[in-house]
Amino acid sequence: MIRFEQVSKIYPGGQKALTEVNFHLQRGEMAFLTGHSGAGKSTLLKLITVIERASAGKVYINGHDIAHIKRQHVPYLRRQIGMIFQNHHLLMDRSVFDNVALPLVIEGFSLGEIRKRVAGALDMVGLYGKERHYPIMLSGGEQQRVGIARAIVNKPALLLADEPTGNLDPKLSMDILRLFETFNDAGTSVLIATHDLGLIARMKYRTLTLRQGRMIGGEADIVESLSD
Ligand SMILES: Nc1ncnc2c1ncn2[C@@H]1O[C@H](COP(=O)(O)OP(=O)(O)OP(=O)(O)O)[C@@H](O)[C@H]1O
């Protein structure tokens, strides 16, 4: 689903964010991405969604090299990816319905289809019947669920989450993780960037770890640690 080959990212100011990163997230796999603050987690996600471009190396999504993808093809790629943020990025002056419907409106779905899909997505995240509410009327955990409903409403093949539980207590964090599991069980590939080592420890998924822009735990690190 996602393959990085020798990917490096240097920001225009000269800041090295990623150095020769290699990894493969299989289709249908769920994994965590972790590392200290500034390790490069958000940058890695931004390369997948082409918010940023790699300085070197190859980024493959579904077998397509997207490092040099043309600007006009980026919306098509993004339609296959659901993105969830720590601060959910909801439009606070729009109803829950409008927020979740947004990706479908952009894609030009009919109102009837939009209603059906939004109701389905809200049902999946446990918010059925809250269409007319405004985000301000919801708890932090519910707001995060609206963001998740918006990310999955057009049934993307890949879900990316950047610190999705950052503002939530352990119980709500676990609920959100269980929700990701249900999407993963239905075949969606899921990559979750998080600092929350407690949460990672309680789940059985593979963990990709970045340290100062390098992916650790690969063969080279094992050799290095043996020679320490
Ligand atoms: N737009 C940018 N311009 C210049 N440098 C940047 C930019 N974005 C990130 N960086 C730098 O790249 C490095 C990696 O940042 P990134 O945000 O990817 O880390 P992170 O692991 O997501 O951190 P955090 O957990 O604190 O969000 C950091 O040194 C950061 O300062």
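This is a predicted model: local features need pLDDT of at least 70, side-chain atom pairs count only at pLDDT 80 or more; totals for chains, interfaces and linings use all residues.

Visitor: OK, in what order do the strands of the open sheet come?

Guide: There are six strands, in the order β6-β7-β8-β3-β9-β10, and the pairing is mixed.

Visitor: And which strands stand at the edges?

Guide: Those are β6 (81-85) and β10 (214-216). Each has a single partner strand, so one side of each has no neighbour in the sheet. On average, neighbouring strands here are turned by 20° against each other, ignoring direction.

Visitor: What holds paired strands together, anyway?

Guide: Strands of a sheet pair through backbone hydrogen bonds, either parallel or antiparallel.

Visitor: How many bridges join β7 and β8?

Guide: Five, with residues 158-162 and 189-193 pairing in the parallel sense. For instance, L160 has L191 in β8 as its bridge partner.

Visitor: Is β7 buried or exposed?

Guide: Mostly covered: five of its five residues are buried. L158, L160 and D162 point one way, while L159 and A161 point the other way.

Visitor: New topic: which strands does α6 lie across?

Guide: Helix α6 (residues 170-185) lies across β3, β7 and β8, at about 155° to β8.

Visitor: What about α1?

Guide: Helix α1 (residues 41-48) lies across β3, β6, β7, β8 and β9, and runs at about 150° to β7.

Terms used:
Residues are numbered from 1 along each chain as its sequence is written. Two strands pair if DSSP finds at least two bridges between them. Helices (H or I, at least four residues) and strands (E, at least two) are DSSP runs, numbered from the N terminus. Axes are lines fitted to C-alpha atoms, for helices over the stretch in contact, and angles run from 0 to 180 degrees between N-to-C directions. Two residues are in contact if their C-beta atoms, placed from the backbone, lie within 7 Å. A residue is buried if 20 or more other C-beta atoms lie within 10 Å of its own, exposed if 12 or fewer, and partly exposed in between; C-beta atoms are placed from the backbone.
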